[in-house]
Amino acid sequence: FFLTTTISFAQVQFGPTAGLNMSNITGDDLGESKSKMGMHLGLSANFYFSDAMSLNTGLLYSIKGAQDEQEGAELTATLSYIEIPVNLSFSLSDQLSLMVGPYIGLLMAAEIEISGSGLFDGTIDMKDDTRSMDYGISLGARFSVAENFSINAGYQIGLATLDPEGDGDDKNSNILFGVTYLFGDSY
């Protein structure tokens, strides 16, 4: 009841957001993987409770994954998610805010592309062998360039293992950079 009442009186901004993902899969099962470039895009919303604190959320399409080389073959894992971040934002100044909060992602697709193996070159669908939900913690910062335009940077620490059985310890990690344009008046 308290959150519903607070959100109904909060000022709201919403708009598009897009950016670059530099993701990796960490854990002992994968070994030495390299970062994979991806992207995220979607809608963002800010609920302002005061001039110092707001709730940032949204709905994003996000592409993550990793690259690896094994026995001369190049392997590229691509994981596509619909993500919902829920971050509390704390303003340090009129332009700079720090954000922290959880995120949840629903798996849309999972593939491994193999090239240069000599035996098999192609793509393997791994969706059935990958956990259907990812979740973790987001840490980030937002710099307001103009009243409604901001540049964002952050890091996502995956807490869910990618193995649906929970046997492995491989998890997503992601460094992200992006831009957001919000419609409406800020606090």
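This report describes the charged and aromatic side-chain contacts in a predicted model.

Local features are reported at pLDDT of at least 70 and side-chain atom pairs only at pLDDT 80 or more, while totals for chains, interfaces and linings use all residues. Residues are numbered from 1 along each chain as its sequence is written, and side-chain values use heavy atoms, with hydrogens and water left out.

**Charged contacts**

The count comes to 2 salt bridges, a salt bridge being a side-chain nitrogen of Lys or Arg within 4 Å of a carboxyl oxygen of Asp or Glu. Glu83 pairs with Lys64, their closest N and O atoms lying 2.6 Å apart; Glu83 belongs to strand S4 (residues 73-91) and Lys64 to strand S3 (residues 53-70), strands being DSSP runs (E) of at least two residues, numbered from the N terminus. Asp134 also forms a salt bridge with Lys64, at 3.8 Å from N to O, and this pair, 70 residues apart, links strand S7 (residues 133-144) to strand S3.

**Aromatic contacts**

The whole structure holds 2 aromatic pairs, which are rings of Phe, Tyr and Trp (its six-membered ring) with centres within 6.5 Å, called stacked if the planes are under 30 degrees apart, edge-to-face if over 60 and tilted for the rest.

| Pair | Centre to centre | Between planes | Type |
|---|---|---|---|
| Phe14 and Phe183 | 6.4 Å | 50 degrees | tilted |
| Tyr181 and Phe183 | 5.1 Å | 75 degrees | edge-to-face |

These ring pairs link Phe14, Tyr181 and Phe183 into a cluster.

Key. Helices (H or I, at least four residues) and strands (E, at least two) are DSSP runs, numbered from the N terminus.
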